[in-house]
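Here are my notes on the model below. Please keep the structure open while reading.

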Amino acid sequence: MSPYRTTTGLMSHAPANESDLLPRWARLAPLALVALALAIDLPTPGAFSGDVFLILSSMIASCVYSLRAVVGVAVLNSLAGLVLLFAGHLSSDGGHAVVDYVSMVVLAWASVPLCRLRLSLRRRLQGAERVAESAQRAVLPPVRAWWGNTWIAVRYEAASAAASVGGDLYAAEHTPYGVRLLIGDVRGKGLNSIPGVAALVGSFHEAAHHTPTLSELARHLDEAVTRHTRETAAVSGETTVSGEHFITAAIAQIPDDGTEVRLISRGHCPAFLVSDSSLQVWEPEHPGLPLGLGEFDTGLWNDESRPFGPGHLLLLCTDGLLEARDSEGRFYAPHEDLRQSWRQGPPAVVERLTRAVHTHTDGVLTDDLALVAVTRVEHAPPRTGG
């Protein structure tokens, strides 16, 4: 990701076209089967029929090729079958060979309507995917990559292969109090978590500009989550609201003219602070209960501060990072990857950590993953598009 990008956030991981999903062997298989049919059948006239390979060639083509290419393969197989018929089958098998040839041609050309059906269903699926992606981007809109000298990068990976958004969330706003960042994790994961994500993110974008302190902002968000939970329960016909619906969250604030970062955590996992001198795991002294359970938390909702000047980097994450396990059940530790990437800026950090988690888990995420990396620089880059 270029450091000169103006926004950061959800990225589409869908392939540019259907062929990008296919392994190379699948694209070569139809033609290879035609060659195999000729290579086996021609030297053994009457002993072996290559028609089965020609039929299989057309069927595979209907699954992987464009309509024009499928027609081409059907023509090729019809001609190849004709060659095999006159090369030996007609003289050795007579009328049976003609029947076999006609059957092969019918099946070969049946691949054409099958291909049309596949392409029609694919177009419908692509339309649904575009609508879903637009809705998901509305839930988690792009974040400004630069606010003055504050540089932000976000990376999101949903555990569900069918969605770009799951139960994790992030947001950022430039307010009169500085840049404010939110990261959270709705209890549970997958598409059922999206209403809770939308409720919290929407409340944050509005309240971040009007609440002077992080503790007030956290209480406002807690009330928003509680209202959403009660309304959802009422619509579902539930008479009582259980304590099972909550959102862990961390809210950070970086003043425009300051040298510190403030953080309040509501049951969320620790943050990381990196500088030339150290890598700190920032576990707040009083993390508090998650949002939505504030009525049970009678303690102080205090935020904490740490030094944060140019060259420092703050990483906010969800437990999709810290609780990612390998095949032997070992948790992923981001410390070494952070040490090696933080000097390159937030985009490099989120990219390296995401790749490292996929490597650690063999590409199988069992939980949603959200990362927000932020740093301060001496001079902001020139404004460009992208």
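1. Are Trp146 and Trp151 buried or exposed? Both Trp146 and Trp151 are buried; buried means under 20% relative accessible area, exposed over 50%, and partly exposed in between, with a 1.4 Å probe and protein chains only. This is a predicted model, in which local features need pLDDT of at least 70 and side-chain atom pairs count only at pLDDT 80 or more, while totals for chains, interfaces and linings use all residues. Residues are numbered from 1 along each chain as its sequence is written, and side-chain values use heavy atoms, with hydrogens and water left out.

2. Overall make-up. The protein has 9 helices and 13 strands. These are DSSP runs numbered from the N terminus: helices are H or I with at least four residues, strands E with at least two. Of its 386 residues, 46% count as buried. Among contacts with a separation of 6 or more, 72% are between residues 24 or more positions apart. Contact means heavy atoms within 4.5 Å.

3. Aromatic pairs. The whole structure holds 2 of them. Trp146 and Trp151 have ring centres 4.9 Å apart and planes at 10 degrees, so this pair is stacked. Tyr156 and Tyr170 form a tilted pair, with 6.2 Å between centres and 55 degrees between planes. Rings of Phe, Tyr and Trp (its six-membered ring) pair if their centres lie within 6.5 Å; planes under 30 degrees apart count as stacked, over 60 as edge-to-face and the rest as tilted. Tyr156 belongs to strand β4 (residues 150-157) and Tyr170 to strand β5 (residues 168-175), 14 residues apart. Both tyrosines, Tyr156 and Tyr170, are buried.

4. A charge over a ring. The charged end of Arg266 sits over the ring of Trp301, 3.5 Å from its centre. The criterion is NZ of Lys or CZ of Arg within 6 Å of the ring centre and within 35 degrees of the ring normal.

5. Nonpolar cores. A core is a set of buried Ala, Val, Leu, Ile, Met, Phe, Trp, Tyr and Cys residues joined through side-chain atoms within 4.5 Å. The largest has 49 residues; Ile152, Leu169, Leu181, Leu182, Ile251, Leu314 and Leu316 touch the most other members. Apart from it lies another core of 23 residues, including Phe272, Leu322, Leu338 and Leu353.

6. Leu371. This residue is in strand β13. At 1% relative accessibility, Leu371 counts as buried. Leu371 and Tyr156 are 215 residues apart in sequence, yet their C-alpha atoms are 6.5 Å apart. Leaving out residues up to four places away in sequence, Leu371 touches Ala153, Val154, Leu316 and Leu353, among others.

7. Helices α1 and α2. The axes of α1 (residues 24-41) and α2 (residues 51-64) come within 8 Å and cross at roughly 170 degrees. That makes α1 roughly antiparallel to α2, a label for angles over 145 degrees, with under 35 roughly parallel, 65 to 115 roughly perpendicular and the rest oblique. Axes are lines fitted to C-alpha atoms, for helices over the stretch in contact, and angles run from 0 to 180 degrees between N-to-C directions. Contacting residues include Leu33 and Ala37 of α1 and Leu56 and Ile60 of α2.

8. Two local checks. Gly72 lies in helix α3 (residues 67-93) and is partly exposed at 38% relative accessible area. Asp362 is in the loop between α9 (346-360) and β13 (369-376). Its phi is near 60 degrees, a positive value in a residue other than glycine. Asp362 counts as exposed, at 60% relative accessibility.
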